[in-house]
Structures are given as structure tokens and as C-alpha cells.
Amino acid sequence: MTRSRNSLLTGKQVFLFTLLLFAIFIFGCDKNSTKPDDETPPASEITHSEDITQDVTWSSDQIHVVDGLISISNATLTIAPGTVVKFAADARIIIDDNGGLIADGTTAPITLTGVEKQKGYWDKLEFRSGSSDQNCKLINCTIEYGGSNAAIITATGSGLTIKNSIIRYSGTSGIQWDYESTPVFEDNVITGCNETAVEADFESASYLGAGSYTGNNKDYISLNEGTISQNATWVKQDVPYRVTGGANVIEQATLTVEAGTIIQMDADARIIIDDNGGFLADGTDELITITGAQTQKGYWDKFEFRSGSSDQNCKLINCLVEDGGSGNSMIWANGSGLTIENSVIQNSGSMGVYFTNGSTPVFEGNTVTACDETPVTTDFGTASHIGAGTYTGNNYDYIDIEEGDIQQNVTWAKQDVPYRVTGGANSIENGTLIIEPGTVIEMDNAARIIVDTNGGFMADGSSEMITITGAQPQKGFWSLIEIRSGASQQNVVINNCTIEYGGYGNSMISVNQISPTITNNLLQHSAACAIRLFSGANPDLTGNTYSDNDGGNVVQ
């Protein structure tokens, strides 16, 4: 009896289970049940070919196809979040005459693509100067496969906004704007383009915010010739800025270059800073590089700091400047008081640095090397502004001193190369030239130093001998140091110096009416006498040594 009762209970359980399965099957086959996602019908397409003259919105429930050229004027086209827009071959949208194009994909990305996935398949979005800046926005969009004739996006005098977008696969450049455009361009990616990521102008490059611009056939930001006349900043990018040939001018404004930035200068390109202009390149935190578009001496021209530039806003600090100098130098200061510190200036096709016309630079801790001419050329009155640095490895390893005047107290620092004083009369008046111990001065053909009218010449080599010699080791190659009656007697000291190969005239040192200190020197190889005294001069000549002087040692 117990076995029979258990069998009956098991049969009921089977019946109930079978009933449950049947119910599930019936309800699971409900005709109104939702279809799987992969059975959702594709969105329909709508083709647009007419100009837009009143406000309209393209919704995301359709794919919008642009066929031909569409102009937007006195109206705004709004592309809804999540929308896909396809462009037929060579299709283009022009935004002009108070027209607008708002594609804000902040909540869902917007895609503008080609009917065919092919670089340069369609033309471009063209934002003209008449367009409405506040109604021209591309945010969180992907724009791809355009650029059949110019960049995928062009701006002419436009202030459109492009943010957080991807611009890619252009048949030419990614985006192009002219000098009158003032775009907001931030956090974008431009890649896969046949030419450059961005083409702008010298004055409009500052509108380019940080982004990612690599992976293009030409991985640099191309800058056409122009003039900067309002304060601007070049942000550090992951590709260089390339400045094209010609004269690019900064005036009435300052260009600030962020630390870590790379600037490539194209063939014969030049940057001129004038008329209260400034160029601030402070690479203290990360080296700033200014180089040639090709690694070649003299490939580009120069930085030219003119007398009208703003001294306090002209600075090159921790910069590498190289491959320029197609003209007279790579950096030319013409009456400027710019600052160059802790920088490397190398591989010039001419001089490294040229200071003229009374320039008063701050020039400290620099290396100037591998130049075809001298590392530094300046004038007699400006040479004291050349601070200690490294100046070897050039074709002419000396600091070239052109003829000039000193009219204040100055010091020539000891350098690792000689100072070379060129021919002519270099005068010291109402000031004193102090020569640091260990300094070497080479006097060029017929060169002369005149000390007069409260002038002083202090060359005290007590701790390390000072050398004043000929640029060539040849008797009479240079002229003399002429100490006139008006000189400051107490400020004329020549001590522990080697003075040689002068005497192109009447002596190597002449003294008239005063009694300076000329002691413990070696005076040799003069084509005339070593020292000539005029009109009651009675200098201290203690401890001097004389050798091989054709006109004698001391002549009165």
C-alpha cells in the first residue's frame, strides 16, 4: 500500500510540470512580443539638395544625405544629437549671410561622413565671414572622408566653435582658417589626412587649442605668412608649428610660446619683432625648440629684434635655436635689449648672434656652436653684454668686435674664445673698460684702442695673465693702445699682460702727459717700439719685460 501511494504522488507532479511547460510555450509565442534588435528596420534616408533659408532641424530618426551644394543664409540648420549625415561625391555646405550650422552631439555623437568611405569623397563645410559665429558649432562630432578640394572644414573670417570632435580621413588638410578667423578650437583630434592637420596664418595660430594632431601625412601645423598685432599664445602641441617663408611680423603685441613647443622654420622664413612687439619663449620648464623644417645650415633666415621692440617682452630662455642664418645671422638684435639665457644656438649658415646699433642684451649662460662664421658679433660698446658661455666649435672661434665707442663703465668677461677687435679707432671716454683676468684679446689689422676724456682701461692680470695680441702673429699687424692726456690716470692699469705683434705706427702703447700704471708685462714683437712717452708722461713701468721690439723698448 505504501509503494502504490508514492507512485500516485509522483504522477501528479509530472502532470503539473507538463502543464507549466505548456503555459510557457503559449505565452512565449505571443504575436505581440518584442523583436530582437537585429530585426529592427534600418532608418530611412532623406536627400537634401536645396538651399536653406529658414530654420530647420535634421532629426536622428533618418539618415540625411547631402547631394550637391547647399547654402545656408539667414537661417540655422540644427543637426540633432545622434544624427548621421552622409555626403555624396563633391557635396558641400556653405554657411554665409547670417547663416548657422549647429551640430551639438554632447548627449549623442553626430557623424558627418561620405556616402563612400573614401578620402576626399565629398568636399567640405565652408564657414564664410558672413556666418553667425554664435550659431556655428560642431561639438562631439566625427567629420570624415571629405576634403576633395580643400580642407574638410574651412573658415574665412569666421568665429565658429569646434570642440571635442574628430576630423579625419581628409583628401587634403583637416581644417583651414584664414587670418581674419577667430575660431574656438579645443580638445579635437585630427588624423589620417593626406596633408596637414591644420592650416592657419601666423596671426591666427593662437586660436588653436591643445588637441591631438598626429597620424597625418604631414605632421605639423602649417602657418602662412602674417602679422601678429594683438597678444597671442602658441600652445604646446603634439606636432610642430611650421612657419612658412617670408617676413612674419609681431608689433604692438606679444607672442608667448609655451614651454615644450617646437617651431619649424621653412625655407628663408623670418620673424621680425618691432614697434612695441614681443616674443616670449621661456622654456625653463621644458625646452623650446626653434629649428629648420630641414636639418640644414642656413635653411631659414633669422629672428630680428628691432630697436622698437619691447625689451621686457623679448626673451629666449632655455631654447634650442638651429639651422637658420641664410642672411647675416640666426638672431639679430638691432638696437634691442632682449634677453637670451641658458640657450643653445647652433648650426647657423652665417653668424650665430649679431648685436648692432647700440643693443643692450642680457646674454648669459648660452652655447653658440657649429656656425659657419662667428658665434657672436657685436660692436666695441656692446661687447660687455656678452656674458660667460660656450662659444667654441664654429668656423671662426672668436667674438667679433666691430668698431665703436665705450662711454660708461663696462667689463669684458673672460671667455673660452678671444675677443677680436676689428680695424679702426675704438675709443673709451667717460667710462672705464675692465678686462677680466685670463681674457684674450686679438687685435685685427691696424686696430687701435684710444683712451681719452676721463676714460679708463683696466687690464689687471694679477690672478691670470691677460693677452693682447695680433689676430695674426705678425709684427705690426695691429696699431696701438693710445692713452691720451684726457684719460683718467687712476683708471689706466695694465698689469701682468702679454702685449705683442702691434706697432703699426709709432709704438704698441703710447702715453701722453699722464702717469698710468704699466707694470709686470711682457711686451714683445713690435714693429716699432714697445712704449712711447710724450710730453712729460711718467708712468710706473716697474717689472716689465721686453723682447724683439724693432724700435726699442721705451722711447721718449
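In this predicted model, Val 85 has Leu 112 of strand E9 as its bridge partner. This pair is a handy way into the strands around it. Strand E6 (residues 84-87) and strand E9 (residues 110-114) run parallel and are joined by four bridges. Both strands belong to an open sheet of seven strands, whose order is E1-E3-E6-E9-E12-E15-E18 and whose pairing is parallel. At the edges of this sheet lie strand E1 (44-48) and strand E18 (189-191), each of which pairs on one side only. On average, and with direction ignored, neighbouring strands of the sheet are turned by 15 degrees against each other.

Four bridges connect strand E25 (residues 254-257) with strand E28 (residues 278-282), and the two run parallel. Here Leu 255 has Phe 279 of E28 as its bridge partner. Strand E28 is also joined by four bridges to strand E31 (residues 314-317), again in a parallel arrangement. In that pairing, Phe 279 stands opposite Cys 314 of E31. The ring of Phe 279 takes part in a cluster as well, where ring pairs link it with Trp 300, Phe 303 and Phe 305.

A pair of aromatic rings is described by the distance of the centres and the angle of the planes. The search of the whole structure finds 15 aromatic pairs. One of them joins Tyr 145 and Tyr 169: the ring centres are 5.1 Å apart and the planes meet at 35 degrees, so this pair is tilted. The two residues are 24 residues apart and the pair links distant parts of the chain. Tyr 145 lies in the loop between strand E12 (141-144) and strand E13 (153-155), while Tyr 169 lies in the loop between strand E15 (166-168) and strand E16 (175-177). Tyr 145 counts as buried because its relative accessibility is 15%, whereas Tyr 169, at 28%, counts as partly exposed.

Trp 234 and Tyr 241 form a stacked pair, with 4.9 Å from centre to centre and 20 degrees between the planes. Trp 234 has a relative accessibility of 0% and therefore counts as buried. Tyr 241 is likewise buried, with a relative accessible area of 0%.

The charged end of Arg 242 sits over the ring of Tyr 220, at 3.7 Å from the ring centre. In a second example, the charged end of Arg 420 sits over the ring of Tyr 398, at 3.8 Å from the centre of that ring.

Finally, what surrounds Glu 304, apart from its neighbours within four places in sequence? The residues in contact with Glu 304 are Arg 270, Ile 271, Ile 272, Ile 273 and Trp 332. Glu 304 itself is found in strand E30 (residues 303-306). With a relative accessibility of 4%, Glu 304 counts as buried, because the limit for that label is under 20%. Its side chain makes a polar contact of 3.2 Å with the side chain of Arg 270. Another polar contact, of 2.8 Å, joins the side chains of Glu 304 and Arg 306.

Key. Residues are numbered from 1 along each chain as its sequence is written. This is a predicted model: local features need pLDDT of at least 70, side-chain atom pairs count only at pLDDT 80 or more; totals for chains, interfaces and linings use all residues. Side-chain values use heavy atoms; hydrogens and water are left out. Rings of Phe, Tyr and Trp (its six-membered ring) pair if their centres lie within 6.5 Å; planes under 30 degrees apart count as stacked, over 60 as edge-to-face and the rest as tilted. Buried means under 20% relative accessible area, exposed over 50%, partly exposed in between (1.4 Å probe, protein chains only). A charge sits over a ring if NZ of Lys or CZ of Arg is within 6 Å of the ring centre and within 35 degrees of the ring normal. A polar contact is a pair of N or O atoms within 3.5 Å; within protein, one must be able to donate a hydrogen and the other to accept it, and residues adjacent in sequence count only if both atoms are side-chain atoms. Contact means heavy atoms within 4.5 Å. Two strands pair if DSSP finds at least two bridges between them. Axes are lines fitted to C-alpha atoms, for helices over the stretch in contact, and angles run from 0 to 180 degrees between N-to-C directions.
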